[in-house]
Structures are given as structure tokens and as C-alpha cells.
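These are my notebook entries on one structure. I set down what I looked up, in the order in which I looked.

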Amino acid sequence: MIFRLKYLRLFCCLAVVVAAGCDTVEPSFRLNMVEAVSNDTGDAYQQEIQNVLGGMFGSPDAPYVLPETGLDQARLQVAAGPAWSDQAGTNHGLYRRHCVHCHGINGDGRGPTARFLNPYPRDYRPGIYKFKSTYNASKPTDEDLHRVLINGVPGTGMPSFSLLPGSEVESLVEYVKYLSIRGQMETALIRYVYDDLDEEEALDEKGNPILDPNGEPVMLRVPLDPENEPDQREAILEILGEIVDGWNAANEGIIVPAEDQIPSDSRTPEEIAASVVRGRELFYGVKANCVKCHGPTGLGDGQQDDQDYWNKVNKVFLESLTQKTSPAVEAVKQEVAATLYPVRNAIPRDLRLGIYRGGRRRIDIFWKIYAGIAGTPMPGLGPASAGATGTLTEAEMWDIVEYVLSLPYEPPSQPQKALPENLNPISSAG
Amino acid sequence: MSPGCRQSELGPIAEAQAAANVRASLSEGAEAGTGSSAAGSTGTGWATLKGRFVFDGTPPQMQPYNVNKDLATCTINGKAPLQQTLLVDSATGGLANVAIYIRKASRVHVSLESPPSRESLFDQKECIFLSHVYPLTLGQTMQIKNSDNVGHNTNIEGKNSFNQTIPAGELIDFTPQKEEAVPVSVRCSIHPWMLAYFLPRKNGYYAISKPDGSFEIANVPAGEELEMQVWHESAVGPGHALVLDTPDAKKLKWSKKGRFKIKLGEDEVKDMEITVPAAALGG
Amino acid sequence: MRLFWSFLFFLVPVLGVLTFVLAPYFNIALPPDVSEHGRVIDNLFMFILYLTGAVFVVTESVLFYFMWKYDAGSNDKPVKFSHGSHVLEIVWTILPAVTLLFIAIYQMQAWAVAKMDPPRDAQGKIIDPICEVTGRQFNWDFRYPGPDKELHTEDDIVRTDGKLYLPVDEEILLRINSADVLHSFFLPNLRLKQDVVPGMKQNMWFKATKTGGYDIVCAELCGWGHYKMKGRVFFLTRDKFEAKLTEMIAEKNTMRVKVPEEE
């Protein structure tokens with residue numbers, strides 16, 4: 001009898017432990033707290049914003065898009081939800097199967113494995129993408145996102161997903177755009193609520209303001225309620241339209257290299273060597289200024305004090321913690337700050353490694369030089385938009401491409417870090 | 001917050017029924033709203049709003065910028081230039097670089113419909129942006145100039161994002177398309193200490209206070225309520241809105257978002273002296 | 001009780017044998033072998049399997065018999081201890097030792113061909129690697145030497161999409177290294193696997209006998225993404241392989257973009 005009771009207890013303990021570890025709570029999108037707290041969004045507004053976003057975009061298990069977005073609902077359905085396969089072998093829940101552990105359920109780049117990665121996984125919510133074929137301020141095209149999934153991002157933790165069937169890759173591209181549009185809408189709603197929804201005076205039946213004991217009119221919060229406020233509904237749809245227009249205009253932002261400036265395919269080795277020499281001159285020159293950040297030997301040690309957009313947002317938020325505000329606000333800010341990952345500086349690329357994150361075709365490097373890299377300190381040397389003024393001609397940019405491609409195979413005889421006098425900060429007063 | 005398997009659980013989640021209701025109402029599409037959402041009627045005529053921002057307190061000592069590149073160009077006699085986050089005129093106590101602008105103007109005076117000059121210069125010299133707070137009317141072209149002998153890249157954040165290398169001694173044109181609600185930062189990546197603020201607006205109803213704290217916005221719509229936004233880069237309000245709680249500010253019903261409303265009579269010249277206590281700027 | 005426990009233990013050899021017999025029908029047998037040397041390895045595997053399987057069945061059957069015959073419920077005679085049998089001890093030490101020695105010597109050649117004797121050209125020099133495989137967390141990157149046939153020169157073709165193209169029916173030498181932590185380049189259909197230690201460059205060689213696409217998996221725990229560190233190796237005829245290299249060089253040199261048409 002004692003024998004059996006002992007094992008029965010052990011079994012019960014195990015059952016409880018196992019059951020506690022099993023998570024059956026449906027995941028939900030959580031609010032961009034840095035934006036919400038920076039814009040003073042109160043709890044009631046936060047709830048209303050989540051409701052509006054839930055209505056407009058659904059949940060991680062049940063995505064939804066208004067027809068205005070132009071996204072394919074069927075593809076989103078395949079990408080969303082828990083990961084499972086049906087009888088025919090079709091995979092569902094692709095985002096959760098492949099992406100969520102780094103990119104997070106909100107697409108915020110804060111999944112469980114994200115904090116162990118350098119660089120951090122991409123946060124889709126600002127809608128800024130580094131590796132694309134379009135002007136700096138434009139969105140990436142579908143082809144750009146597709147290429148990132150197929151080639152991965154070498155030099156980072158992003159692997160290649162080329163072994164997935166094409167339809168699955170398309171679904172994931174669609175879902176990433178969905179998360180971006182949702183993230184941009186979230187920020188826009190938070191700012192709309194701050195900017196345009198003010199308090200209004202409480203009025204009695206006769207239309208006179210109700211006064212509090214001090215003689216001040218009682219102020220009521222204007223709720224975010226598109227259901228009952230046609231003005232708000234119009235504004236929300238207008239904001240969505242602007243966001244979607246940005247994505248739809250991506251193809252118009254593609255940088256097409258001018259045919260007459262593209263180097264010929266049949267250059268002799270001497271011509272190529274001459275191009276490398278011209279590229280080196282430009283690299284070290286005062287027009288392109290590449291050395292200033294990439295360092296005198298291209299090791300990426302020229303200027304390491306700046307941050308990319310995603311880290312800068314966190315840095316600004318953490319700096320705002322030092323400002324004196326009310327204890328309640330400070331407590332909330334501390335809570336949010338505790339969830340952020342350490343701020344990292346944007347280190348310019350070490351060009352001698354031969355690792356090109358955004359693609360290693362000549363045109364990929366050309367695009368980086370032409371438009372810079374959106375969201376990072378890397379500036380462009382070409383026109384900022386069609387018809388604007390550029391800093392270098394395209395032929396000069398192809399020369400720099402040639403030089404950059406030769407750098408990993410040109411070991412410097414004396415590789416030197418940036419000269420010490422350029423690194424000593426002068427910040428002592430007097 | 002332990003990073004583990006559970007993500008951050010701050011903030012609310014969507015309520016299913018409320019979300020469904022919102023979805024139904026948005027799917028109907030936008031009806032024409034109840035006319036314009038402008039609060040109040042429009043008046044006639046034009047007025048002038050001017051005044052001075054005066055700093056009340058001991059202005060903090062400005063620290064030098066952290067100059068770590070191109071020392072020959074960016075330092076003067078080996079000394080880095082001082083930061084410009086809170087500039088107070090020692091003689092008059094005037095607070096410089098306060099941005100004050102009308103949030104939504106119902107009508108625009110003819111003189112401001114087409115700005116005085118299509119081009120507007122934005123220069124940088126000795127590794128400092130010469131206009132620390134730089135406003136622009138949409139339609140104008142920003143001429144970004146580099147008057148140094150080293151290259152700079154001008155990195156403008158926000159809705160009109162721009163990041164291009166400006167070679168030494170040259171000028172690059174940039175025409176922003178979108179209005180910003182508050183000034184956005186302009187930086188250089190090669191010289192990361194460089195900082196300025198950029199405010200593109202749809203109309204010319206803005207002013208940046210001069211070194212003596214004075215500002216003037218001419219030809220503002222008279223006879224109607226104007227909502228003014230006030231901003232300073234060191235202000236502790238949300239988005240650096242300048243939030244004041246002095247008795248004068250309370251009379252103006254100065255909001256927690258750095259806004260106040262004012263109604264001017266036709267041809268009135270309103271002169272306001274606005275005192276800014278040190279606490280409002282983080283003092 | 002004798003019935004229950006003894007037959008429970010008898011199930012072990014029965015199910016064990018059944019698993020191997022029925023394995024091909026449930027797709028859990030050895031994957032198809034497409035390499036020249038794989039046959040030798042598979043034969044070795046089967047030989048050891050049969051040998052150990054036979055011994056296993058015999059010992060388990062003896063175990064069953066003893067459990068059945070000497071079950072406590074049906075035996076009340078006291079146990080008789082013997083002082084062991086010297087002869088039996090010698091027999092069952094020598095026999096397995098000899099078998100082990102036989103297997104060790106028998107497999108030496110198989111091991112040497114796979115791991116110690118790289119293919120050499122007519123002059124006796126080890127052939128050049130046709131590709132350098134770099135494992136990184138969590139992707140396989142491939143670097144082909146390009147037209148100058150030398151690795152780490154400017155005309156190399158670097159691919160990061162996890163697809164390795166190789167010619168069929170030719171001696172292939174791959175150089176394998178790691179960019180960060182321990183990985184293991186495992187080609188199940190070629191019965192070959194090679195761990196890489198960061199800082200060490202390893203060689204792996206084989207000759208594939210069939211065209212087609214086969215798996216590459218990582219076989220050394222390298223982090224949280226180890227399970228999804230996969231690739232695909234494609235064996236092509238020589239001319240198709242050359243054509244593929246040309247295609248990859250053209251893609252590397254892409255300088256034009258096609259703008260999608262307005263819909």
C-alpha cells in the first residue's frame with residue numbers, strides 16, 4: 001500500500017509540473033510602450049488604441065486587413081496563427097514557426113532569442129528597412145524583402161529561408177508588411193491621440209460649462225471612438241491611406257542605374273584596375289568622405305559614436321528618464337525602460353571582411369552608396385529622390401563599388417586604426 | 001523584467017467586442033464628416049502676435065560639444081564649441097530658440113501663401129549648424145550648404161527623412177513634402193555631436209525666438225481662436241513641449257501639451273512677455 | 001506473474017527486430033545512398049547490425065528462458081551457487097574480443113578512404129577544393145573559387161542561400177570551416193559528417209553517383225537555431241554545373257534592375 005502511494009504522489013507532482021509548463025494562452029499584440037509613454041498616452045487611451053488596432057488588424061491568431069491596405073488576406077492567414085501542418089502537408093503558422101523567436105509576436109524584434117544576437121533583430125514597427133533597392137526615404141519593394149528571406153543577412157543571425165516553398169516565402173513577406181503597417185498605424189494613432197484629441201469642457205443640459213469647486217471648468221477626456229465619431233473615423237482612414245500609399249509607392253522609388261554610366265561587361269584588367277584606383281581616390285576624398293566613418297584602412301573604426309534609428313529611439317527614451325517628472329510617470333517609464341535591450345552604437349562596416357549584409361551583387365553595393373542605408377548613419381551620395389541633386393556621379397559610384405569589392409583582397413601593409421588624435425574627445429571646458 | 005519566454009506584458013490588450021465594433025464601423029468607409037473640424041468660426045482681418053520669452057532663474061553653464069573628429073576644422077584654438085541646448089541672453093534674460101507656431105490655421109494671408117523666397121539656406125560651419133532651430137514653409141527648397149573644408153552628411157529624421165553627404169564647400173537642394181507637428185532633429189553622422197532642429201510647416205505662421213528672446217508672427221488670422229504650440233529642445237514636457245504653470249500661463253490656459261489659445265482683434269498687435277521658469281526647462 | 005514479466009521482457013527483442021524489419025515501410029530506415037563510398041559504410045553498418053542483432057536476440061531469449069523457468073512463484077528449492085566455470089569465462093571473453101578485433105581491422109579501410117586518404121591528382125597532390133563551406137549560426141555559406149580556381153581571390157562566388165551545387169560522378173573535395181562556434185557539416189545521403197572547430201579548416205571528400213537534391217544538416221549543437229540550420233546540396237552533371245557557376249557569376253555582377261510593371 002505504501003509502495004503504491006509513494007508513486008502516486010510522485011506521478012501527481014510530475015503531472016502538475018508538466019501542466020504548469022504548458023501554455024495555452026492565446027498570444028496578443030502588445031502596445032509599443034516606448035511610443036505610448038513618450039507621448040503621455042493615458043491608460044484609457046491605451047485601451048482604446050488597442051481596440052482600434054484590434055479592429056483594424058486583428059490578432060496574431062486571426063489577422064485581418066481592411067481592403068484599403070492592399071494586402072492579401074489569404075496569405076496572411078497562412079502565415080499567422082499557431083504552427084501546424086494539415087493532412088496535405090501544407091504548413092500553417094509560418095511566422096510563428098520561423099520568425100517569432102527573434103522578431104517577436106509584435107514584430108518588435110524582441111522575441112525570446114533576440115537579446116543574444118548582435119545586431120538585434122529588425123523591429124518592423126517603424127517601417128524602416130536597411131537593405132533595399134529604393135531611395136533612402138522610400139519603403140522596400142516586395143522583391144527586396146523576398147531577397148532578404150532568400151539570401152539571409154550574412155554577418156547577422158538572420159539565416160536563409162530559400163529552402164521554403166515559394167508560396168511560403170511570399171506569405172512571410174506579406175506578414176512582415178502587415179506587421180509594419182500595423183506598427184506604423186500604432187505610432188500614428190498614439191500621435192494622433194496626443195496631437196488632436198484634447199480635453200473638452202463638460203457641459204450641462206443648457207450647454208454651459210460645469211464648474212468645479214475652484215471655479216475651473218471640469219475637463220472631460222475626449223475618447224478615441226471611431227465607432228461613434230465620424231471625424232475620427234475619417235482621420236483614422238486618412239492616416240491608414242497615407243501609410244499604405246508609402247508602401248504602394250515603393251516600386252516607384254526603385255533606383256535604376258543610368259545605362260550609360262554602368263561599367264561595360266568586357267573591361268580589360270587594366271581598366272578594372274584604373275577603376276579601383278579612382279574608387280580609392282574617391283573613398284579617401286572630401287566629396288565622398290568614406291574614410292571619416294569607415295576608417296583610414298576601411299576597418300570601420302572612423303566614427304563609432306552614432307546609433308542607428310532603432311537604438312536611438314531607446315537611447316532618447318532612456319535619456320528622458322533623467323528629466324524630473326511626476327513619480328507616477330517616472331515609475332511607468334522605469335518599467336518600460338527595464339524591458340529595453342542595451343543601446344548599441346552603430347559601428348560602420350569593416351570593409352575588409354568581405355561580408356556584405358545587404359547583398360553582395362554589384363548593384364546591391366551601388367544602392368548602398370547611392371541611397372545610403374535607411375535607419376543608419378550611412379548617408380547617400382546620390383540624389384535623395386528622383387530629380388534631386390546628387391553628390392557624386394553614378395560612374396564615380398561604380399568606381400567606389402569596384403574599390404570596395406577589392407578591399408577584402410588588398411591586405412593593407414600596415415593596417416592602422418584611426419589615428420589617436422582624431423579619437424581623443426575635446427570636451428573639457430577651457 | 002526577465003527576458004525569458006514571456007514577452008513584456010505591459011499595457012492593455014484589445015477587447016474582442018470593442019475591436020469587432022471598430023472593425024464594422026471602419027469597414028463602412030469614411031462618411032463625410034460633420035463639416036470641417038475647425039473649432040469655432042473664422043474671423044476676418046489680420047493681426048500680429050509678438051513678444052519675448054524671458055528665462056527666470058540661473059541659466060546652466062553650457063558644456064562643450066564632444067568633438068572627436070576633424071579637430072583642425074571643428075575646434076577653435078583647440079577648444080570645442082559650446083552646446084546650444086539652453087541659450088539665455090546674459091543682458092536681457094531672453095530665451096533663444098523657442099519655437100512658437102499656429103497648430104492649424106483656417107486661412108493664410110496672401111503674403112505667406114507663397115513664401116518670400118523659394119530657397120532657404122541651411123548652412124554649417126566649423127562643424128556647427130548655423131541655424132540651431134530651422135523652420136521652413138512647405139514649398140520652399142532647403143539649400144543645405146557645407147561651408148567647411150571637410151565633408152558633412154546631413155541626416156534629417158522624421159517624415160521627410162533625408163541623409164546625404166554634403167561635400168566641402170558645396171550645396172545640395174532638398175524639398176521636404178510633409179509637415180511635422182514638432183521640430184525633428186538634424187544631425188551629422190561623421191560628426192555626431194552636431195545637432196539642429198528642423199520644423200517644416202504648411203504655412204508661415206511660425207517664429208523662432210531670437211537670442212534676446214523676441215519673436216514676431218505677422219498677419220495671423222484675426223477674430224478667431226488660434227491654438228499656439230510652444231516648443232523648446234530642453235523643455236521637460238512631452239515631445240519637448242514647453243509647459244508652463246506660472247500665473248500668467250494659467251490665465252492663458254496653457255495646456256500640459258505646451259499649447260495655449262488666443263484670439264486677436266483685427267489689426268491688433270499683441271505683445272506678450274512670457275516668463276519661463278527654470279523648472280520648465282529641466283532646471 | 002511469471003507469464004507477465006517474462007513475456008514483457010521477451011517483447012524487447014521481438015519489437016527490436018520488428019522495428020528494423022519494418023523500418024523501410026515507415027521511412028525510418030537509412031536514407032537513400034548516393035555516394036560511391038556510402039555502400040561500404042552501409043555494408044559495415046548492416047554487418048554490425050546483424051552481428052549484434054543476433055547476439056542480442058540470443059541473450060534476450062536466454063534471459064526470457066531464465067525468467068520463465070526460475071520464476072520465484074514456481075521455484076521453492078534453494079539457490080545453488082557455483083564458483084563459476086573457468087572454461088565459460090575464457091570462451092565468452094575471447095570470442096567477443098576476437099570479433100571486436102575483426103570489426104576494428106575490417107573497418108580501417110572504410111575509415112581511411114572516408115577520412116584519411118583525400119583524393120589526389122596524377123602528380124599525387126591533393127585535389128583543390130571545389131567549394132569552401134562555412135558554418136555560421138545558423139546558416140551554411142558557400143564560397144566557390146571562381147574562374148581562377150583559387151579560393152579567397154576577388155572572383156570568388158559567395159552564396160548565402162543554403163544551396164550547394166556540385167558536379168556528380170567526380171571526386172569532390174570540400175573545405176569546411178566555422179565562422180563562430182562548433183558546427184558539423186552532415187550529408188546524410190552521402191554518409192558523411194565532419195565537425196568543425198572554429199579556427200580549424202577541415203577537408204571532406206566524396207564522389208556522388210546520382211543527380212538530385214539532398215539534405216545538408218548541422219550535426220553539432222551550435223545554439224538555439226541548431227535545429228533549423230539546414231541546406232540543400234544539388235548534384236548536377238558537369239556541364240549543368242558549369243552553367244550554374246556562370247549563372248551565379250552573372251548574378252554577382254548584376255548592375256541592372258527590372259522595375260515591376262504597374263498593375
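Entry 1. I read the elements of chain C from the N terminus on, and they run α-α-α-β-β-β-β-β-β-β-β-β-β-α. The tally for chain C is 4 helices and 10 strands. I note that the model is a predicted one.

Entry 2. I looked up the extent of chain C. Its C-alpha trace spans about 95 × 60 × 35 Å along the principal axes. I then compared its radius of gyration, 26 Å, with the value near 18 Å that a compact globule of 263 residues would have.

Entry 3. How much of chain C counts as buried? I found that 21% of its 263 residues do.

Entry 4. I turned to the contacts within chain C, taking those with a separation of 6 or more. Residues 24 or more positions apart account for 68% of these contacts.

Entry 5. I moved on to chains A and B. How many residues of chain A are in contact with chain B? I found 69 residues of chain A in contact with 56 residues of chain B.

Entry 6. I asked which helices of chain A each supply at least two residues of the side that touches chain B. They are H2 (33-38), H3 (43-57), H8 (166-196), H9 (230-248), H11 (290-294) and H13 (327-338). The largest share of that side, 9 residues, comes from H3(A).

Entry 7. I sorted the side of chain A that touches chain B by class, and I recorded 30 nonpolar, 23 polar and 16 charged residues.

Key. Residues numbered from 1 in each chain as written. Chains lettered and ligands numbered in written order. Predicted model: local features only at pLDDT ≥ 70, side-chain atom pairs only at ≥ 80, totals over all residues. Contact = placed C-beta atoms within 7 Å. Nonpolar A, V, L, I, M, F, W, Y, C, P; charged D, E, K, R; others polar. Rg over C-alpha atoms; globule rule 2.2 N^0.38 Å. Buried ≥ 20, exposed ≤ 12 C-beta atoms within 10 Å, placed from the backbone.
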